[in-house]
Amino acid sequence: LSYRGYVAAVVHVPRPVLDVAFLPRRFEGGFVVYHVNVTLSGVPPWARFRGTVSITADGREKRGNYTGGPYVTEIMLRPGTKTAVSVSVGMLRREHVINVTTVNATLELVRAVVRGGVASIWAMVKFDMEVRGNIPIEFRDPKPLGVARFDGGHIFLNYTYSDAVVIRYAVAGEERSAYVELPRPRLSAELINGVVTPSEFRGLFKVVVEVCNPSVDALYVVRVNGTDVALKVAKGGCASNSTVISARARYNADISFSFVTSFGTFDKHLHVPPPAVNATLLQWRISGSREAASVLLRVTTQNYTYIIFNKEVSGSAEFIEEVEASNGVAVINYGFGVVQIRRPQLGILARPIAAEVGTPFVLNVTIRAPENLHIEAPLSTSLNVSKLVSVGPGTQEFSLAVPGVSSPGFYNVSISLGPYVNYTTLLVYRVNVTISAPSLAPVGAPVN
């Protein structure tokens, strides 16, 4: 400072230092908005510094006035780039190179719904900085079946079901991935009740659906043969639910039931043996040419209910059946098979007989019948002699009067009672007597 040519004072003003700080604040309109703080240090307290502020980046300049203290403003930079930023205040200038940050977005998986081959996933989009406006999210392959975004960062995604759903997405050019583990349900079927007829098996099954260890809370809706089974499974936990399903199949000793679900088909195999049947002949009746049998059937079953003679059998049961016999065999059809009972044996005995030609004689016949045989039929012979008899269990004697046989010889005589036949031997003989003597002889004289 001078006064009238004299130096009155010397004032030293130091050169200030330009300090610039950059801080990313938010993402907006496809740019990262940086907070810029410009200050001058080294300015003495008695001095005030004023000047024009110029900030240039990406060819864009932003101006302002510096009047002391910190100068604060914002600039917009392209994310993921290395950008040179020039800051000047008056004659002071600083050059900065900024590695512009990117906005990092993550999908925070909230819950999932699995239904009908589709996995619906609720997620929350989280950013590492403030975001203004709606940032586009691009989903990469495998692309979702549908996407819906809601306020507050919620997003709803539909994917084709897989036990491990991969979500690939990109935000502001940065690719990210998220994984959702949704294990396949385990299904099992337990027979509650089975009713067996000769033509079909009707079963009532308890079908159990179980899911363990999903990576998010999940609701599974599993359709089994047209019935929906829902179960809520906590993240990392297990849950199960069941339903009752009726099913039918053509009867066989080995049956396979197929249960169709939204996760495929699973089979339940059953061994259904026919019932065990023991048959006992109670009575065999012969009346003339007709034969009938009364048969006791003892039926034993296992595990299932069988319909036999229109009656439900569980465990064991007895039936008395009346059937006609043919050719000495009674056949009882109980639906799951047949039982054959043969005609009991009968003993017909007659001793050999010798008789003179034309002389009546008696044929004695012994009948030995078992305890379950009853006969009302003619006892007949090949000698054209018959007699209506009633035969019960035990031994009985019958006599047949034969008027005689006109010709001598040996005869094989058949004796029949209903379907039973036996034979005996008949000898028919003739007696010839010849008397010869002299024509005359004295009284009392011997003759030859």
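Student: Which residues form one aromatic cluster?
Tutor: In this predicted model, a search of the whole structure finds 11 aromatic pairs. One aromatic cluster is formed by Phe-201, Phe-205, Phe-257, Phe-259, Phe-266 and Tyr-304.

Student: Is the aromatic pair of Tyr-306 and Phe-336 stacked or edge-to-face?
Tutor: A pair of aromatic rings is described by the distance of the centres and the angle of the planes. For Tyr-306 and Phe-336 the centres lie 5.4 Å apart and the planes stand at 75 degrees. Because planes over 60 degrees apart count as edge-to-face, the pair of Tyr-306 and Phe-336 is edge-to-face.

Student: How many residues apart in sequence are the parts that this pair ties together?
Tutor: Tyr-306 belongs to strand S27 (residues 305-308), whereas Phe-336 lies in the loop between strand S30 (329-333) and strand S31 (338-342). The pair therefore ties together parts whose separation in sequence is 30 residues.

Student: Which strands stand at the edges of the open sheet of four strands?
Tutor: The four strands follow the order S7-S4-S3-S12, with mixed pairing. A strand with a single partner has one side left without a neighbour in the sheet, and therefore the edges are strand S7 (71-77) and strand S12 (130-132).

Student: How many bridges join strand S3 to strand S4?
Tutor: Strand S3 (residues 17-28) and strand S4 (residues 31-41) run antiparallel, and Arg-26 stands opposite Val-33 in S4. The number of bridges joining S3 to S4 is 11.

Note on methods: Residues are numbered from 1 along each chain as its sequence is written. This is a predicted model: local features need pLDDT of at least 70, side-chain atom pairs count only at pLDDT 80 or more; totals for chains, interfaces and linings use all residues. Side-chain values use heavy atoms; hydrogens and water are left out. Two strands pair if DSSP finds at least two bridges between them. Helices (H or I, at least four residues) and strands (E, at least two) are DSSP runs, numbered from the N terminus. Rings of Phe, Tyr and Trp (its six-membered ring) pair if their centres lie within 6.5 Å; planes under 30 degrees apart count as stacked, over 60 as edge-to-face and the rest as tilted.
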